[in-house]
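Take a look at the model below.

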Amino acid sequence: MGWLPDPVEALLEVALVGELTVIGRDGRPITHPLIPLYDGEKIYLHSSTLFSKKLEHIKRDPHVALALTDPVAMKGNPDRATIGGTARVIEDDPHTDWERLILGLWRKKEPAIDDFLKARVALPLFFERAVIEITPERCLYWADGRTDRAPVATNAPRAEAA
Amino acid sequence: MRSGSVPVHEPTAVDLDRLATYPHVVVSWIDDDGYPTSVATSFETEATAGAVALAAPAELPIPTDRELSVMGSHIRPQPGIGYDERRYLQLWGRATADATFTPTQAWGWDETEVLFFEYSERSVPQSRRYLAALSREKGRTIRPRLSLFWLALRTTRLPFLTATAVPVLLGIAVAASHGAFTWWTALLTLIGGSFAHLAINVTNAIFDTLSGADDANTTPTMFSGGSRVVIYDLLTIRGLTWVALGLFGAAAVIGLLLVAVTGSMTLLWIGVAGIFVGVAYTAPPLKLVYRGLGEFAVALGFGPIMLLGAYVVQTGRLALEPLVVSLTIGILVALILFVNEIPDRRGDAAAGKRTLPVRFSPMAVQTGYLVAAVVALALIAVGVGVGLLPWPTLIALLGLPLAYRVYGGLKVNYDSPYTLMAVMGRNVNLTLAVGGLLLVAYVATLVWSALRP
């Protein structure tokens, strides 16, 4: 199961938006606000093929960071965290894979998604999606969001052993 | 280019003013291990200096030897639903040792300025590129999909069939009031007319796609912007062509059957004229809608051709009364096109599709709408006045307030494709309401004739 500190897992459970940073073609960071989902071990994000440049970046360089920073998007929880890890793009069938893998988790955070799905005909490409699966490897945690204080750094057990 | 729009651009003072509205920023860079690192921090913008003073995070020094991303992001949570009011602004640049960040590039999105639907439409080419690359990577074709039902509905623009049902049913009703009615030819007329209408819709989609008119339109709505099935790669032009041919074939079989049953060459010529006008609407060389003649073609097709055709199937002859009714309905259906062209006008202009809203000023279009709607309804009053139409048809004049509401809606929402949707819906309802009221009037006339001693 997961190794992320409890307060960070608590943030992931409620976060409506996190900032995913990927490495662009020219090697610079590119950040995308996305809704993060968490199954207790891996973090899942997802992207329509309409907005798929981030997927191309991840396939070129899978190193990513997910920042959880906005208390408004986390039910008022003021804590902050940045999770670094390696991402994998799941895209064998962009029409159905994501429904099987993450629709349940997505629905919990954004129940309105079911209404959008019923209107799939109106915006068919929005529902052609790939899943970004992040294996967390390291984590920085700031209690009360105080980034003027040193973060608590934690690494994944295997990464620590390595 | 302002940050309310999507493309990457050189940052301006406007961007820094926008950044200042965010409570914090997320600063990101690529660390020495090759991983992105992000940290939230407070900041102050210095718009005149074109810089951002970042508060230095503890024990996580902001590097000065590499590019940084600085992002402000905002949502408004909607408990039990999700969230809205999405906006973000991302700046790239470098920082100095005192954590002063100077941006050199920016991009962002604010859904109050570029609505999500438009943002999505602008991104369709990216989806196509991505799926094409994925297909190459996987060694098999990966395309977007829709269920057969929804694909058929979207491809044929099935909901627009009301524009056929109204004139066909009215033609049958006028014929019935003249003592001519056969249920199965009436049913075949409705089915055949529907096939012809759907075939023409698909044909128009083919030519609007080939001309680039649909591609140039980044603000389609449920009423406008075409079926987009080729643009979305849900079907190919070849597939659409087969659909159109199948529908034309079905319409032709039913039409020829009705000609054979009625023995009316008039009906044959009406059918030929209908197909000709429908195809010439977008197809070269005539491309009527590209020349500002689309409304005329639609008025002819959904007025005299559909309504008189249905009348001729029942009676075997032409008459003045159904012609007057057909002019009213033809004008109203043409006004559906006229209003639906308003949100498409920029894309249409870019593709050389010189529709009336492309050619005329907003005021001329709005006034033109009101005048045409009043003329359409006045024709009924004139028809009753000269004794051509039964007096109960005057009930159709109840549509006037609705026409005026559409006119009012056009004045307020002319430049907003998405708020215009409600007005476009109201305008469709005007045709349905007037058509329905005329139908009621003819049924009442029939009942009155049956009960009269």
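Chain B holds 15 helices and 7 strands. Its radius of gyration is 29 Å, well over the 22 Å that the globule rule gives for 453 residues, so chain B is more spread out than a compact globule. Along the principal axes, the C-alpha atoms of chain B fill a box of roughly 100 × 50 × 45 Å.

This is a predicted model. For the complex, the predictor gives an ipTM of 0.95 and a pTM of 0.86.

Now look inside. In chain B, 46% of the 453 residues count as buried. Take the contacts in chain B with a separation of 6 or more: 68% of them join residues 24 or more positions apart.

Next comes the interface. Here 49 residues of chain B are in contact with 50 residues of chain A. Which elements of chain B supply at least two residues each to the side that touches chain A? The table names them.

| Element of chain B | Residues |
|---|---|
| Strand E1 | 25–30 |
| Strand E2 | 36–41 |
| Strand E5 | 68–78 |
| Strand E6 | 82–95 |
| Helix H3 | 124–138 |
| Helix H4 | 148–156 |

What kinds of residue make up this side of chain B? The side that touches chain A divides into 30 nonpolar, 15 polar and 4 charged residues.

Definitions and conventions
Residues are numbered from 1 along each chain as its sequence is written. Chains are lettered from A and ligands numbered from 1 in the order in which they are written. This is a predicted model: local features need pLDDT of at least 70, side-chain atom pairs count only at pLDDT 80 or more; totals for chains, interfaces and linings use all residues. Two residues are in contact if their C-beta atoms, placed from the backbone, lie within 7 Å. Helices (H or I, at least four residues) and strands (E, at least two) are DSSP runs, numbered from the N terminus. Ala, Val, Leu, Ile, Met, Phe, Trp, Tyr, Cys and Pro count as nonpolar, Asp, Glu, Lys and Arg as charged, and the others, Gly among them, as polar. The radius of gyration is taken over C-alpha atoms; the globule rule is 2.2 Å times the number of residues to the power 0.38. A residue is buried if 20 or more other C-beta atoms lie within 10 Å of its own, exposed if 12 or fewer, and partly exposed in between; C-beta atoms are placed from the backbone.
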